[in-house]
Amino acid sequence: MIKIMGLGPGAKDALTIGALEVLKSAARIYIRTEKHPTVDYIRTLGIDFVTFDDKYEAGTSFDEVYDLIAQNLLSEQAKYGDIVYAVPGHPLVAERTVTILIKLCDEQNIEYEILPAVSFIDAMMESLKIDPVSGLRIIDSFDLKNQIGDRRSGVIITQVYNKLIASEVKLWLSQYYEDDSEIYFVRAAGVKGIEVIRKIPIYEIDRQTDIDYLTSLYIPKNTKSKDFNDLLEIMDILRGAEGCPWDKEQSHESLKKYLVEECYEVLEAIDEKDDDMLIEELGDVLLQVVFHAKIGKEQGYFNINDVIAGICNKMIHRHPHVFGTETINTSEEVLTTWDKIKRDEKGFETYTEELKHVGKNLPSLMRAEKVQKKASKIGFDFDKVESAMDKVIEELKEVKDVYKSNNKAKILEEIGDLFFSVVNVARFLDIEPESALHCTIEKFIKRFHYMEKSSLEKGLELRNMSLNDMDLLWNESKTI
């Protein structure tokens with residue numbers, strides 16, 4: 001039998017009568033660490049015990065140390081039968097060694113008993129006057145990577161042992177709260193005479209000089225910062241009974257143009273290298289995603305969680321070299337694998353199905369490039385760029401052959417063929433046709449601006465100038 005008991009938060013008054021009786025009557029007592037105020041009191045009672053502080057030097061990580069302690073306890077139980085294992089606080093609250101020990105006992109059919117105790121959580125709730133019913137999360141500082149911040153609940157972060165851990169906690173909190181948000185620094189909660197509680201801003205967490213093994217942090221609910229859930233709530237309000245008439249009228253179809261517009265504004269922000277603009281425009285795109293998810297939820301087809309789950313599952317499935325066992329070394333191999341997985345997912349049986357799957361609402365130049373790339377992968381392509389250039393000349397000749405006719409359908413066809421052949425040349429030269437045309441448009445506007453500005457400086461208006469005069473200014477703009 002292993003009796004697993006807690007020593008309370010540190011004050012001797014917090015030891016239960018049952019715990020004292022066990023300590024006084026047990027033949028074999030093991031305490032995880034002597035670095036706990038209650039241990040000094042136990043010594044005054046003349047109780048013998050063994051600690052595992054030496055294990056902290058033997059392990060290369062806390063996980064390894066905790067495993068060593070648990071394994072050692074099983075060995076001691078095998079030798080002596082009944083033993084007692086005592087830990088700070090409550091044995092089931094933020095006590096990794098107990099979690100490991102219980103698992104091993106269950107696997108090996110070793111009997112154990114949990115003796116409850118006052119935890120440091122109880123002490124913190126009392127000292128800070130916290131009502132857990134209003135929302136309280138307990139997070140181990142060693143498990144931050146698996147946690148997501150939520151300002152709607154108060155948060156206690158445990159085991160902030162030193163400044164290095166405090167720095168990691170500070171960086172984690174800064175993802176969810178303002179750097180100057182006030183939190184509570186708590187040391188030795190509930191232990192009279194040494195308890196310390198003070199308010200500090202988040203950015204000063206790792207500057208405290210009295211951080212030690214008794215340190216925890218309490219982060220109150222915070223209404224200043226906004227997160228994704230706020231955006232969902234705002235959309236609920238906008239679409240609700242007392243919401244905005246315009247927002248309530250929108251549908252998937254009516255919102256299509258806004259999604260396209262917002263995406264292009266993101267591209268503009270990227271081109272401008274304007275981070276503030278990029279933040280704003282990405283927010284606008286995110287709003288469109290939430291808007292469509294809200295409509296889907298109202299119609300009973302899907303909600304935002306379905307959208308998130310879908311993209312998460314897709315990314316995991318299409319990256320078997322990251323989340324699976326496949327080995328891929330180059331970007332080219334990644335793209336090949338991606339396409340293969342996508343074909344399997346979509347159930348494509350022919351190459352034509354792949355071509356048809358290229359988005360019909362994409363800008364035409366972009367869609368043409370994607371279709372050409374897919375055809376090229378099976379060998380249907382020119383062997384060199386010069387051949388693609390010859391095709392441009394051929395298509396231009398065909399435009400010349402029909403442009404004087406009244407056959408608009410034929411002219412449209414030949415102009416389309418010309419554009420398609422130009423995209424082929426751009427693809428061979430590794431130039432995005434959409435970007436190339438965009439740059440040319442910007443260049444045209446810049447030169448037109450010069451031409452208009454120069455004419456006004458001469459007291460002239462473009463509309464009153466001859467084409468030859470405008471050409472002179474246009475040629476001047478090329479030298480600027």
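Start with two helices, α10 and α11. Select Y258, L259, E262, C263, E265, V266, E268, A269 and I270 in α10. Contact here means heavy atoms within 4.5 Å. Helices are DSSP runs of H or I with at least four residues, strands are E runs of at least two, and both are numbered from the N terminus.

Colour that selection by class. The contact of α10 with α11 has 10 nonpolar, one polar and five charged residues. Ala, Val, Leu, Ile, Met, Phe, Trp, Tyr, Cys and Pro count as nonpolar; Asp, Glu, Lys and Arg count as charged; the others, Gly among them, are polar.

A note before going on. This is a predicted model, where local features need pLDDT of at least 70, side-chain atom pairs count only at pLDDT 80 or more, and totals for chains, interfaces and linings use all residues. Residues are numbered from 1 along each chain as its sequence is written, and side-chain values use heavy atoms, with hydrogens and water left out.

Now show both helices whole: α10 is residues 256-272 and α11 is residues 275-299. Their axes come within 9 Å and cross at roughly 160°. Axes are lines fitted to C-alpha atoms, for helices over the stretch in contact, and angles run from 0 to 180 degrees between N-to-C directions. α10 and α11 are therefore roughly antiparallel to each other. Angles over 145 degrees count that way; under 35 is roughly parallel, 65 to 115 roughly perpendicular, and the rest oblique. The crossing is left-handed. That label applies if the near helix is turned anticlockwise from the far one by less than a right angle; clockwise gives right-handed.

Next, pick K273, in the loop between α10 and α11. K273 has a positive phi of about 55°, although it is not a glycine. Is K273 buried or exposed? At 74% relative accessibility, K273 counts as exposed. Exposed means over 50% relative accessible area, buried under 20%, and partly exposed in between (1.4 Å probe, protein chains only).

Jump to A94, in the loop between β4 and α5 (96-108). A94 also has a positive phi of about 55° and is not a glycine. A94 is partly exposed, at 30% relative accessible area.

Go to α1, residues 17-25. Select A19, L20, V22 and L23, its buried residues. Look down the axis of α1: these fall within an arc of 160°, so they line one face of the helix. The arc is that of the directions from the helix axis to the C-beta atoms. On the other side of α1, I17, E21, K24 and S25 are exposed. Show what covers the buried residues: β1 (2-6), β2 (29-31), α2 (37-44), β4 (83-87) and β5 (112-115) are included.

Last stop: α19 (residues 433-457) and α20 (residues 467-477). Their axes come within 9 Å and cross at roughly 125°. That makes α19 oblique to α20. α19 passes α20 in a right-handed crossing. Select F444, R447, F448, Y450, M451, S454 and S455 of α19, with M470, L473, W474, E476 and S477 of α20, to see the contact. These residues divide into seven nonpolar, three polar and two charged.

Stay on α20. Its buried residues are L473, W474 and S477. They fall within an arc of 105° seen down the axis of α20, so they line one face of the helix. What covers them includes α19. Finish on the other side of α20, where N468 and L472 are exposed.
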